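Thank you all for coming.

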Amino acid sequence: MAALGAGGAVVNLGILGGGMVGHLGGLDFGLPGVAVCLGQSDGLDLYEPFVVVDLSDLADPTNESEFFSTTKGQAMSVNESGYAVGWYDDYFGNPKPFVLDPRNGGSVSTLPLDTGQAQYALGQAVALSTPSSSIPEDTILVGWAALENSPSDHQAMYWTAALGPNGTLIWSMNQVPITDNFSEATGVSDGNQIIGYSIMSPGLNPKTFLYTPGGNVTGQNDNEIAYGISGDGVAVVGVSF
């Protein structure tokens, strides 16, 4: 299995056999700063992503304590274009979402946690689309964010990009229009159909949702949790009870 490094190098991680449990971290692949291999294999899915990310790129280089304490995180998904998303713990132990852009040697950056109406303190990016075009700004990232004073009340979020100077991607965060106390976006199709689940209030059963940016939230089936959606938007995986 190969992994995309933040420095643009592809690292051969070998073949992972069935039943291999755990994740790799703190490995030195010759990248500057703290380079860790994020991802895991639980023996059920041998193709879960392993991405070498230089977490020092996500820390404040002027803050020595932060620079050397940013060492924990996980890559959650990689698309066919080589973009990857995941999360890392900041200096205060709060998870923050990141995106890895494979172009021009590779770069990793923290995703914004501000919708323009509210500033969130923590969050994770867990999945991303592979658009049919070769235009990188057509990619959508999904996950969740939470406010500092209510970290357990997750809100489903998605990130879209605009093309900035020198071809850089400028990401913005948007809330999936769900008013339930708890919600998470867990997958997105290549046609930008966002899947996830929500819980109206503590003690109530979860329900799935389907949302396409600019449209309405649909498919809210009770007693179901959706964890992913196929690229063509036809198949959804999850649990029903």
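Let me start with a question: is strand 9, residues 122-128, largely enclosed by the rest of the structure or largely open? Before I answer, please keep in mind that this is a predicted model, in which local features need pLDDT of at least 70 and side-chain atom pairs count only at pLDDT 80 or more, while totals for chains, interfaces and linings use all residues. Residues are numbered from 1 along each chain as its sequence is written, and side-chain values use heavy atoms, with hydrogens and water left out.

Now to the answer: seven of the seven residues of strand 9 are buried, so the strand is largely enclosed by the rest of the structure. Buried here means under 20% relative accessible area, exposed means over 50%, and partly exposed is in between, with a 1.4 Å probe and protein chains only. Strands are DSSP runs of E with at least two residues, and they are numbered from the N terminus. Strand 9 pairs with strand 10, residues 141-147, in the antiparallel sense and over six bridges, where two strands pair if DSSP finds at least two bridges between them.

Strand 13 is joined to strand 14, residues 194-199, by six bridges in the antiparallel sense, and V188 stands opposite I194 of strand 14. I194 also has a C-alpha atom 5.9 Å from that of T212, although the two are 18 residues apart along the chain. T212 is found in the loop between strand 15 and strand 16.

Let me turn to the aromatic residues. How many aromatic pairs does a search of the whole structure find? The search finds three, where rings of Phe, Tyr and Trp (its six-membered ring) pair if their centres lie within 6.5 Å, and planes under 30 degrees apart count as stacked, over 60 as edge-to-face and the rest as tilted. The rings of Y158 and Y211 have centres 6.1 Å apart and planes at 50°, so this pair is tilted. Y158 is in strand 11 (residues 150-163) and Y211 in strand 15, so the pair links distant parts of the chain, 53 residues apart. Y158 counts as buried at 8% relative accessibility, and Y211 counts as buried at 6%.

Y197 and Y227 form an edge-to-face pair, 6.5 Å centre to centre with 70° between the planes. Y197 is in strand 14 and Y227 in strand 16 (residues 224-229), 30 residues apart. Y197 is buried at 12%, whereas Y227 counts as partly exposed at 46%. F182, Y197 and Y227 form one aromatic cluster.

Finally, the charged side chains. The whole structure holds two salt bridges, each being a side-chain nitrogen of Lys or Arg within 4 Å of a carboxyl oxygen of Asp or Glu. K96 forms one with D90, the closest N and O atoms being 3.1 Å apart, and both K96 and D90 are buried. In the other, the side chains of D180 and K207 meet at 3.7 Å, N to O. D180 lies in the loop between strand 12 (169-175) and strand 13, and K207 lies in strand 15, so the pair ties together parts that are 27 residues apart in sequence. D180 is buried with a relative accessible area of 7%, and K207 is buried with 14%.

Terms used: Helix = DSSP H or I, 4+ residues; strand = E, 2+ residues; numbered from the N terminus.
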